[in-house]
Amino acid sequence: MPQTISLLCIDDEPLFLDAFKARLEQEKDLVVTTALSAADALDLLNRQYFDVIISDYAMPEMDGLSLLKEIRARGGQSIFIMATAKRLAHIARDALNTGADYYLQKGADMANEVARLIDFIRIRVPQKNAEYELISWARFYNSIVDNGAELICRIKNDGTFTFVNEPCVHLYKQPYRQLVRENFFGFIPDSERGEILINLQTLSPEKPDCLLQHHVIAGDGRSVLLEWGYHGFFTQAGAIQEYQLAGRDTSNLVRIGGSSSGDAGESFSAQQGLSEELKEEMGGGEWSDLMATLQSLDAPVFAVDAAGVIIAWSAKLAQLTGVPAVEMIGKGNQEYAVPFYGKPGYMLIDHIIRSPGASGSKLIPAAKKVGDTFIGEKEHVAIRGRPMILQGKCSPVLDTAGQLIAAIEAITVSEVQEDFMSGPSEEYLGGISSLTLKIASEGVSGAIAGAIGSSTGGYGVYATNRRLFVIRDPDLDLNGPQGVQFSTFIIDEFFGNAPDTRQKSLGELENCKVFEAERKDLAKIILKKPVLLAGYLDVRKNDGITFRVYIDHKKSYIYIENLIKMFYPEILTFE
């Protein structure tokens with residue numbers, strides 16, 4: 001039996017919608033949900049993921065193109081099909097340029113059009129799912145490589161770097177693009193280099209690994225002793241082609257019982273939390289690999305099975321909460337909430353393991369659904385007696401039949417900034433800094449000039465419930481005494497990932513601002529999306545002053561759009 005495909009059809013004409021649904025549901029693999037307006041559709045999308053969205057173009061209040069833009073701005077990845085009875089080329093062009101996947105022409109030839117549409121859906125949905133799984137896995141894998149404590153790099157047989165991860169960038173204090181032109185052996189003291197090369201010459205296809213402890217010279221001149229694992233890659237003829245290196249600092253190594261059995265005990269505890277049925281569903285080796293990955297992640301993460309029993313509790317989460325994995329794994333009855341709220345209770349992960357109509361489902365924290373991922377709102381909690389701002393993100397783990405077998409929640413926390421704790425008058429909403437954000441002139445507001453923006457980026461847009469700030473982020477200042485500081489978010493940005501969205505204190509915003517406006521003084525805020533040229537944010541005050549921030553990247557634009565919608569949606573317009 002083929003896997004079912006879920007469709008959401010939106011049209012403000014009930015008769016057409018009913019007939020269209022009836023025709024589609026003649027196909028046994030299509031499951032159709034309908035909505036009479038874009039608002040109803042967005043409400044459904046907040047609660048449910050659909051493989052395909054089919055929307056009429058001409059609808060009151062919000063047309064199909066605006067709906068498409070909103071869905072893509074929220075990160076929705078569903079296949080989107082625009083339908084219209086109007087034979088206007090610009091509608092098809094605008095829809096496809098905005099992110100639609102297909103264009104359905106209503107009319108006399110509707111029967112043949114629908115048949116072609118169904119063929120397209122059956123071909124495209126599996127392709128899209130495969131692409132999404134590949135991209136998601138690649139992002140997950142890259143986050144593990146870049147966010148771990150180990151220094152991971154690839155070098156040619158002559159020592160030239162071909163890849164370095166984020167910890168290497170921090171150690172050698174060089175930008176990624178510069179570091180991959182350097183030679184690894186050049187960072188090794190002369191007194192040790194010869195012996196290392198002798199050891200590497202002993203590697204072979206039959207014995208490609210060796211473990212060496214030696215010094216490297218860090219970017220600040222320090223000689224750092226690290227343990228390095230070398231793995232050789234060989235040609236079919238047996239010649240060395242490349243090495244992969246993994247370096248780690250063992251100065252804080254704690255041995256339990258004089259052997260590595262402590263690690264095995266932790267792994268065994270994790271396995272004890274799993275039912276035999278669950279192990280069989282995933283396959284023993286595959287499930288063990290997943291659990292080992294979750295346990296070792298350098299991020300606060302936990303996982304539960306479909307019954308809500310804790311099956312993984314990462315080392316980083318144990319460090320954050322002060323509760324070790326051995327005390328949490330195997331517990332049920334919402335015990336995962338105790339380290340955060342002081343008592344058992346609902347958390348974001350309950351969106352996945354509890355059905356929407358189940359008892360107590362209304363008590364689950366509010367969340368936005370993007371695909372099959374739930375993203376929670378920020379909450380004020382106390383962890384180990386310290387006030388924190390907590391936000392969660394959770395996703396399901398499905399078996400090959402699409403059945404839920406587990407759920408994973410990642411926790412992000414930040415300390416409450418003291419200058420936002422003095423009273424309820426000013427509350428931090430959010431913000432973003434990026435190399436892709438530029439201004440029309442260096443800190444000068446007034447008439448807008450130019451179409452490109454400043455030659456260098458590194459600005460930020462931030463908001464409280466009272467004020468909007470544009471700042472010059474010192475960490476991104478190319479003209480600063482140390483240039484750009486290549487922290488995690490900078491490297492991420494080079495590879496197309498998230499810019500810097502870490503919370504800043506009110507003092508930081510005040511000290512770094514190049515523009516500031518009280519909410520009560522604003523007349524209009526205009527956003528233009530970057531397409532071929534840079535987009536922009538225009539902030540217009542009641543006194544006629546306008547300040548423009550140029551936006552060169554779509555992800556930055558989406559974040560700023562959502563920030564302004566929180567800050568002052570009533571005066572936001574789009575161009």
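Modeller: Helices here are DSSP runs of H or I with at least four residues, and strands are runs of E with at least two, numbered from the N terminus. This is a predicted model, in which local features need pLDDT of at least 70, side-chain atom pairs count only at pLDDT 80 or more, and totals for chains, interfaces and linings use all residues. Residues are numbered from 1 along each chain as its sequence is written, and side-chain values use heavy atoms, without hydrogens and water.

Colleague: Where is Asn 333 found?

Modeller: Asn 333 sits in the loop between helix 13 (325-328) and helix 14 (338-341). Its phi is near 55 degrees, a positive value in a residue other than glycine.

Colleague: Is Asn 333 buried or exposed?

Modeller: Asn 333 is exposed, at a relative accessible area of 71%. Buried means under 20%, exposed over 50%, and partly exposed in between, with a 1.4 Å probe and protein chains only.

Colleague: And what is the phi of Lys 173?

Modeller: Lys 173, which is not a glycine, has a positive phi of about 55 degrees. Lys 173 belongs to the loop between helix 6 (166-172) and helix 7 (176-179), and is exposed, with a relative accessible area of 54%.

Colleague: Now the pocket. Which element gives the most to the lining of the second largest pocket?

Modeller: Helix 3 does, with 6 residues. A pocket is an open set of points on a 1 Å grid over the protein atoms alone, where a 1.4 Å probe fits, with protein on both sides within 12 Å along at least five of seven lines; lining residues have an atom within 4 Å of a point.

Colleague: Which residues lie nearest its centre?

Modeller: Of the 22 lining residues, Lys 69, Thr 98, Lys 529, Tyr 557 and Glu 575 lie nearest the centre of the second largest pocket.
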